[in-house]
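Work through the exercises below with the model open. Try each task before you read its solution.

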Amino acid sequence: MNVLVTGSNGFVGKEVVRVLEANSLSVTSLVRNRSANNPSKKAILMNNFHSKAEWKEALIGIDVVVHLIARTHNLSEKNIDTYDLYHHTNVGITETLCDAILDSDVKKLVFMSSIKVNGESTEINSFSETSNENPEDNYGITKKEAESVVRNKLDRSNKDFIIIRAPLIYSVKVKGNLETVHKAIQKKIPLPFKSIHNKRSIVDVTTLSKFISLCIRENTIRNELFLVAEEKSYTTSELIEKVARDNDLKCLQFCVPKILLDIALKVIGKGDMSKKLLQNLQIDSSKAVHFAKKFNDNEIFNKA
């Protein structure tokens, strides 16, 4: 089976390529620039991701596309109107890709979305595939719109699709907000989250990649939405400890009441960080676990 992975040079893409190749799938990376860092043995260069003609050329001989290209949340863009920027990448590229898939021999699209489609936090009930959609920022809004594009374009065709919503994606080689935490731990900066008792779902990048591989290999998994997370959820303090432990470091934490941290973060203009650090975001991934067990792939959802 021939698989094209977009965004293959990224944090998630590199692990997806590794896992797919370990499962004897023929993987081609779609890249803008050829480099020694391309994770797969084969690469296709594309200059314009909004060109249907270029996509159609890239899709020749491809059975499944794993679409990981996305414009992700960037805190430095807080004070500018970012909707058009996010829409251009997250919706525009997805729409062009789907149009090209309809004119190709591709059988399935695996689309990587985000739990931000559901929202930023949970209260009583965990998010599941039946939860309401309530994106709160332009990244989440455009991911929801891109999901709609996938469904509207492919649902009534002979093409299959899988949509996967993931929470914080974890790896020992941390990225994003966890990279900031890692740097603070390295510098022995004490962090004030020891008394925070929230619960946050995460998914290990290898768990996610293995689940993507399952969705590719099993033809009967089609036209599904999955929320994918590890069984264990973490308090902010526990997640900090995990980052430290997995990188052979020691972390220093102390207690500050939640209400004071919330006020302090909002005062310094980091109100969006308050939800990530202080509130709950839990995912019920029982549907994904059920499918893994159904196809005897019980090793996917190991505890992170």
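Start just after helix 10, where Asn296 takes a positive phi of about 55°. Helices (H or I, at least four residues) and strands (E, at least two) are DSSP runs, numbered from the N terminus. The model is predicted: local features need pLDDT of at least 70, side-chain atom pairs count only at pLDDT 80 or more, and totals for chains, interfaces and linings use all residues. Residues are numbered from 1 along each chain as its sequence is written, and side-chain values use heavy atoms, with hydrogens and water left out.

**Exercise 1. Find the buried residues of helix 10 and what covers them.**

Solution. 
- Step 1. Set the cut-offs: buried means under 20% relative accessible area, exposed over 50%, partly exposed in between (1.4 Å probe, protein chains only).
- Step 2. Ala288, Phe291 and Ala292 are the buried ones.
- Step 3. Check their directions. They lie on the same side of helix 10, because they cover an arc of only 100° around the axis. The arc is that of the directions from the helix axis to the C-beta atoms.
- Step 4. Recall the helix rule: an α-helix has 3.6 residues a turn, so residues three or four places apart point the same way.
- Step 5. Turn to the face away from the buried side. Exposed Lys293 and Lys294 sit there.
- Step 6. Look for the cover. It includes helix 6 (205-217) and strand 9 (224-227).

**Exercise 2. Describe the second largest pocket by its volume and lining.**

Solution. 
- Step 1. Define it. On a 1 Å grid over the protein atoms alone, a pocket is an open set of points with protein on both sides within 12 Å along at least five of seven lines; lining residues have an atom within 4 Å of a point.
- Step 2. Read the volume: about 220 Å³. Grid points are joined across faces, edges and corners, and the volume is the space filled by probe spheres set on the points.
- Step 3. List the lining: Asn9, Gly10, Phe11, Lys14, Glu15, Ser171, Lys173, Lys175, Val205 and Thr206.
- Step 4. Assign elements. Helix 1 (11-22) and helix 6 each give at least two residues. Helix 1 has the largest share, three residues.
- Step 5. Sort by type: two nonpolar, four polar and four charged. Here Ala, Val, Leu, Ile, Met, Phe, Trp, Tyr, Cys and Pro count as nonpolar, Asp, Glu, Lys and Arg as charged, and the others, Gly among them, as polar.

**Exercise 3. Is Thr235 buried or exposed, and what does Thr235 touch?**

Solution. 
- Step 1. Locate Thr235 in the loop between strand 10 and helix 7 (236-246).
- Step 2. Read its relative accessible area: 8%, so Thr235 is buried.
- Step 3. List contacts (heavy atoms within 4.5 Å). Not counting residues up to four places away in sequence, Thr235 touches Ile196, His197, Asn198 and Lys199.

Conventions:
On a 1 Å grid over the protein atoms alone, a cavity is a set of points where a 1.4 Å probe fits but cannot get out, and a pocket is an open set with protein on both sides within 12 Å along at least five of seven lines; lining residues have an atom within 4 Å of a point.
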